[in-house]
Amino acid sequence: MRTENKMNTIELFAGVGGFRVGLEKANPDMFKVVWGNQWEPSKKAQDAFACYTSNFIEGIHSNEDITKVSDESFKNLDAKLVVGGFPCQDYSVARSLSGEKGIQGKKGVLFWEIKRVIEATSAKYVLLENVDRLLKSPASQRGRDFAVMLATFRDLGYKVEWRVINAAEYGQAQRRRRVFIFATRNDSGFSKELESYEAEDILFEKGFFSPAFPVKHEVIKNRKLIGKLPEDIVEISDTFSALFHNSGYMEDGDFYSIHTEPVFEKPVLLKEILQPEETVPEKFYLSETAIEKFSFLRGAKKIERTSADGHKYIYSEGGMSPIDDLDKPGRTMLTSEGTTNRSSHVVEVDGKRRFLTPLECERLNGFPDNWTNTMSDRMRYFCMGNALVVGLIERMGKRIEQLEHKYMDEIPLQEKLFLNN
Ligand SMILES: C[S@@+](CC[C@H](N)C(=O)[O-])C[C@H]1O[C@@H](n2cnc3c(N)ncnc32)[C@H](O)[C@@H]1O
């Protein structure tokens, strides 16, 4: 299904453009990233931004600290969709001294920038990505940060659905688990449709995620949480705590969260993303010393350590196989990928052990080959460790397209006539 209906999009924390690649794969005629922002804090070399600019031509590319960008910059973009993968930080708030009702978040917390962009644009849809730890943070007050986020969307006039997705469980090449957060403005056609369903039906079948990422129609291990967010966001910040599960829905402050399990799809395997061995440069092969280091790093161990206050304790970690199983999808890629580090992949091909190449790392995330070849190998690994699995965004883009098609009544008549021809 293709529509000519354009969806102007703002891409925040763009990195090397994972959201944009996914959305353009879903429908290049529909998703138009009109404004993309990427700035690596306190670094002179802006490798991710340079890569973004070399791969994408259209739209405004901004390389500024997002906290320094004025509201005016987003106002005349006619943005209907805001996307971004942002850090998990401390979202606690305090009442501001100036206004009785005003609140103040900690400085440098980037979620508040997302809020500012939503306020400036009144985008119809928002799609965000974060580590799944966000649902439980901080350790001292479980679920507080996510509740602050939900309440922010409630106050902005949005409904929210969230889902933790492990990419490999939906046919992708990497076991990468992330939480995706989809918000839709209360006056959108989809939003009105959601109001007519039970929350469980939304999560199992009718909502944003399930049609694209099907789940079994059962609450797993009876894990269910139903509740209402306090009206006052400062109260949430000060005292609220909740154990949010991997799927959930929030409407008007009422939240419903359950544990769901995917209807698994066959993943892409590590062996399927490897480049032909004869094309792998020598520098990626492990020396005998590196092989020894890796067997120590990946082995089971108990080490005596001393904490900052002089207290001695035993640090222990379980063993992992010295090489990665080629008949499985890849593990989660971190920004330290490609260094002598326990979490880096080590593959053995024709009896020789080596790192994954940067190109293979791009494939683990579903980027086009050589997407990041504008930068050093180290930065290529780093950017892939930060990026997302593009195939998931492609599916989400197609889902947004479905919604747009269904609610053509929201499209101005002129465009509708064009669509029907
Ligand atoms: C998790 S990564 C997102 C990666 C992206 N989704 C991709 O596919 O490459 C977050 C990005 O936010 C950027 N960032 C951090 N602080 C920023 C700020 N203050 N302003 C703009 N960008 C920032 C980082 O440089 C990083 O590239």
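1. Basis of the model. This is a predicted model, in which local features need pLDDT of at least 70 and side-chain atom pairs count only at pLDDT 80 or more, whereas totals for chains, interfaces and linings use all residues. Residues are numbered from 1 along each chain as its sequence is written, and side-chain values use heavy atoms, with hydrogens and water left out.

2. Strand 12 covers residues 254–258, and four of its five residues are buried (under 20% relative accessible area; exposed is over 50%, partly exposed in between, with a 1.4 Å probe and protein chains only). Helices (H or I, at least four residues) and strands (E, at least two) are DSSP runs, numbered from the N terminus. Strand 11 (residues 247–251) is joined to strand 12 by five bridges in the antiparallel sense; strands pair if DSSP finds at least two bridges between them. Within this pairing, Glu251 stands opposite Asp254. Strand 10 (residues 224–228) also pairs with strand 12 in the antiparallel sense, over five bridges, and Leu225 has Ser257 as its bridge partner.

3. The hairpin residue. Two residues lie between strand 11 and strand 12 in their hairpin. Asp252, in the loop between these strands, has a positive phi of about 60° although it is not a glycine. Asp252 is exposed, with a relative accessible area of 58%.

4. The open sheet has 10 strands in the order 3-2-1-4-7-9-8-11-12-10, with mixed pairing. Its edge strands are strand 3 (60–62) and strand 10, each of which pairs on one side only. On average, neighbouring strands are turned by 15° against each other, direction ignored. Helix 4 (residues 111–121) packs on the sheet and touches strand 1 (7–12), strand 4 (81–85), strand 7 (125–131) and strand 8 (158–166); contact means heavy atoms within 4.5 Å. The direction of helix 4 makes about 160° with that of strand 1, where axes are lines fitted to C-alpha atoms, for helices over the stretch in contact, and angles run from 0 to 180 degrees between N-to-C directions.

5. Helix 1 against helix 13. Helix 1 (residues 18–26) and helix 13 (residues 390–406) pack at about 50°, with their axes 7 Å apart. That angle makes helix 1 oblique to helix 13 (angles under 35 degrees count as roughly parallel, over 145 as roughly antiparallel, 65 to 115 as roughly perpendicular and the rest as oblique). Residues that meet here include Phe19, Val21 and Leu23 of helix 1, and Val390, Ile393 and Glu401 of helix 13.

6. Buried helix residues. In helix 7 (residues 199–206), the residues Ala199, Ile202, Leu203 and Phe204 are buried. Their cover includes strand 8, helix 6 (189–195), strand 11 and strand 12. Helix 12 (residues 377–386) has Met379, Arg380, Tyr381, Cys383, Met384 and Gly385 as its buried residues, and what covers them includes helix 2 (47–55), strand 16 (352–355) and helix 11 (358–364).

7. Backbone points to check. Most residues other than glycine have a negative phi, and most peptide bonds are trans. Phe13, in the loop between strand 1 and helix 1, has a positive phi near 45°. Phe13 counts as buried, at 17% relative accessibility. The peptide bond from Ser137 to Pro138 is cis, with omega near -10°; Pro138 lies in the loop between strand 7 and helix 5 (144–156).
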